[in-house]
Amino acid sequence: MPIEVLMPALSPTMTEGKLAKWVKKEGDSVKSGDVIAEIETDKATMEVEAVDEGRIGKILVAEGTENVAVNTPIAVLLEEGEDASAIAGGEKPKTAALPSVKGDEAPAASTLPATPASGPAAPPPSDEDKFFEKTVKRTVREALRDAMAEEMRRDEKVFVMGEEVAQYQGAYKVTQNLLQEFGPDRVIDTPITEYGFSGLAVGAGFKGLRPVVEFMTFNFAMQAIDHIINSAAKTLYMSGGQMGCPIVFRGPNGAAARVGAQHSQDYASWYAHCPGLKVVSPYSAADAKGLLKAAIRDPNPVVFLENEILYGQSFDVPESEDFIVPIGRAKIVRAGKDVTITAYSLMVGHALAAAEALAKEGIDAEVIDLRTIRPLDVHTIVESVKKTNRLVSVEEGWPVCGIGSEMAAIAMDHAFDYLDAPVVRVHGVDVPMPYAANLEKLALPQIEHIVAAAKKVLYRG
Amino acid sequence: MAASRSRKAPNDSAAPAEAVTHDELLGYYKEMLLIRRFEEKAGQLYGMGLIGGFCHLYIGQEAVVVGVQAALNPGDTVITSYRDHGHMLACGMDAKGVMAELTGRRGGYSKGKGGSMHMFSREKNFYGGHGIVGGQVPLGTGLAFGHKYLKDNGVCTCYLGDGAVNQGQVYESFNMAALWKLPVVYIIENNKYAMGTSQERASAGELHQRGAAYGIPGHQVNGMDVLDVKAAADEWVDWVRAGNGPVILEMKTYRYRGHSMSDPAKYRTKEEVEKMRTESDPIDRLKKILLERGVATEESLKDIDREVKAVVSESAEFAQQSPEPDPSELYTDVLIEG
């Protein structure tokens, strides 16, 4: 049966083109790969190659013809043994491929699943409170170490890699004694090569291992952000659900003290922007331990943002190894009725201090430790705002497209009718971090800023 | 020392052919032809607007992946860049599923959500399909790390192009692979052009020597000869599997088509392309050997041709009849639940 040769699309945007030249003429034999014509696309002149073997039976579009629409028949190819009468015979030529059979028509936007009308979904359940009956004092540093050690005992596929994590015992001593207990096959010192070892760890995750990657600080993870996002976060989706990557990227995030612009940045909003990642940023030692254990057990990539200043601070931590804090659940760390203050990481301490100061002035603030930045516990935030009718968001990071911007959007989306004042954001100043002690202090949110913001949403001077 | 072992002259395919059985020879022929015909069909469907976006064809390079894959064991892993259709077919992935992914249909390997550059098969140990030039190199090194960690005696074959060799992460990977003696074979598919920039204009020195500073042996292989590729892969995959660390095999090859479908390839002459096609085509070369040695006849090769065409036609038909993904698929596979 004769085969129609169609005007091809030779670029992603081409809809029509000029048939510039016929390289083959009627009667010529062609085989796969032979150039039969040249066409001009919207970008360039391209060659059209034959896919099927045969003889050019008839040219349907003369050379020099402009505006030939894609998929217009431009010639008829005769197969072995056929002659031109096959065309004249009125037999409908088959096209070189079948017409597209589309699936369901694209849906109108309104038919796409949206947030249920009942409001944001409740966070995952947690039994964490019951474990606080028996606690010990632990620093955040020790809690993180204990979490890794417990999970490494539990699952041989868990290993830790990063710069100075083994022999040096951790640049900030978070991995102290792990090498002694688990040996060099599972506690692995890497060269200073963030891009490389992050990609390597993601590959190991694809293979079924459970890597815990320590960045000496998240500032250096910018070298590796391509693999965190393009490889770890997106591959599950790109593979139609086949290729998950259970991996934890952890290390200190945010400003430490006097280390300048390249070493003082909060990446929470950067990573929280990306679907396919979970992002955690705990404050207390208990949450650091419970959430790191959850992160290591999670089948998805988790970005775990710690804080250097918190490493040495002590908190009550449950003794039980079964204590786990589910990712995606915020915690009301101080109940109150007048104003909701959200914060994460080091800023939770500032928010609690601000709440104490506000209490002295008769203002009863509710402080929410977000703990997880993605997925955010929108439910807990909204329920609190419905009660207090006022929201102050606190973060160390920059304001533009920050976590505070997200808090304002959440309040608009889910609690607009409950708001008695516009949301106020407390955040780092919109500049690279300065070195000078006085300037650095000015660049970071302070307790008095939070106090002032709370008073502002309460219209109190 | 292994690095100084002598290699066969690139065009001397007489010796290795004898070490390969007739069935194996016919298998290589069939596999290379399948890739060739599959890619031609993909190009045609692209021309009809049924395949969108970027589509990088493997035509001309078939001998590389077919020869290397023939040297692997079950359980060995494979990872490559975005010029990946040939690798998937050589890994034994179903042509229908690959073509349906190209058309963005639910029968595709990634349910239509990955496209030409992003397909995977855990079952066939194919780990993608990666779109950032060089990105697959640390990932493949990580697969090799996994083989070693799990002590499964596996080897990762990590393919990269002559464009990727100038990415920093490639050397970060070479360093760790050599340092930790990871079982990875880096296969540089040197098709002479990184998109429109020739090797001479982009890369100083010889590509197979790029691991020399790390003590990684490197060899140049005629990538247009499947038997030469197979012989080199046999030797060096074993060497890597024995725990000696990584190796670099630079396959001198050539792509007949542009970098992607929309590339008019003005950076090289028609004569250059024509010369490679007529004098160095890997399929023609093997065909000649098959006929000369009486392994096959013109007629029996035509049977293979028909068989391959049927597989490709079936894949094209499937790829057009498989429905588009259900709209609800938009939201699935972002995270593993539970």
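1. Domain bounds here come from an automatic or database domain assignment. On that basis, chain A splits into domain 1 (3-95), domain 2 (128-318) and domain 3 (331-457). The C-alpha centres of domain 2 of chain A and domain 3 of chain A are 26 Å apart.

2. On conventions: this is a predicted model, in which local features need pLDDT of at least 70, side-chain atom pairs count only at pLDDT 80 or more, and totals for chains, interfaces and linings use all residues. Residues are numbered from 1 along each chain as its sequence is written, while chains are lettered from A and ligands numbered from 1 in the order in which they are written.

3. Domain 2 of chain A gives 23 residues to its contact with domain 3 of chain A, which gives 24 residues. Contact means C-beta atoms, placed from the backbone, within 7 Å. On the domain 2 side, helix H7 (268-272), strand S15 (278-280) and helix H8 (285-297) of chain A give two or more residues. Helices (H or I, at least four residues) and strands (E, at least two) are DSSP runs, numbered from the N terminus. That side has 13 nonpolar, six polar and four charged residues. Ala, Val, Leu, Ile, Met, Phe, Trp, Tyr, Cys and Pro count as nonpolar; Asp, Glu, Lys and Arg as charged; the others, Gly among them, as polar.

4. The contact between chains A and B takes 57 residues from chain A and 55 residues from chain B. H4(A) supplies the largest share of the chain A side, ten residues. By class, the chain A side holds 31 nonpolar, 21 polar and five charged residues.

5. The largest nonpolar core has 232 residues. Such a core is a set of buried Ala, Val, Leu, Ile, Met, Phe, Trp, Tyr and Cys residues joined through C-beta atoms within 7 Å. Buried means 20 or more other C-beta atoms within 10 Å of a residue's own; exposed, 12 or fewer; partly exposed, in between. Helix H2 (residues 22-47) of chain B gives the most to this core, eleven residues. A:Val392 is among the residues with the most contacts inside the core. Beyond four places in sequence, its contacts include A:Ile341, A:Val424 and A:Ala454.

6. In chain B, strand S7 (residues 218-222) and strand S8 (residues 247-252) pair in the parallel sense over five bridges. Pairing requires at least two DSSP bridges. B:Val221 has B:Met251 as its bridge partner in S8(B).

7. A:Arg460 lies in the segment after helix H13 (447-457) of chain A. A:Arg460 counts as partly exposed because it has 13 C-beta neighbours inside 10 Å.

Note on methods: Two residues are in contact if their C-beta atoms, placed from the backbone, lie within 7 Å.
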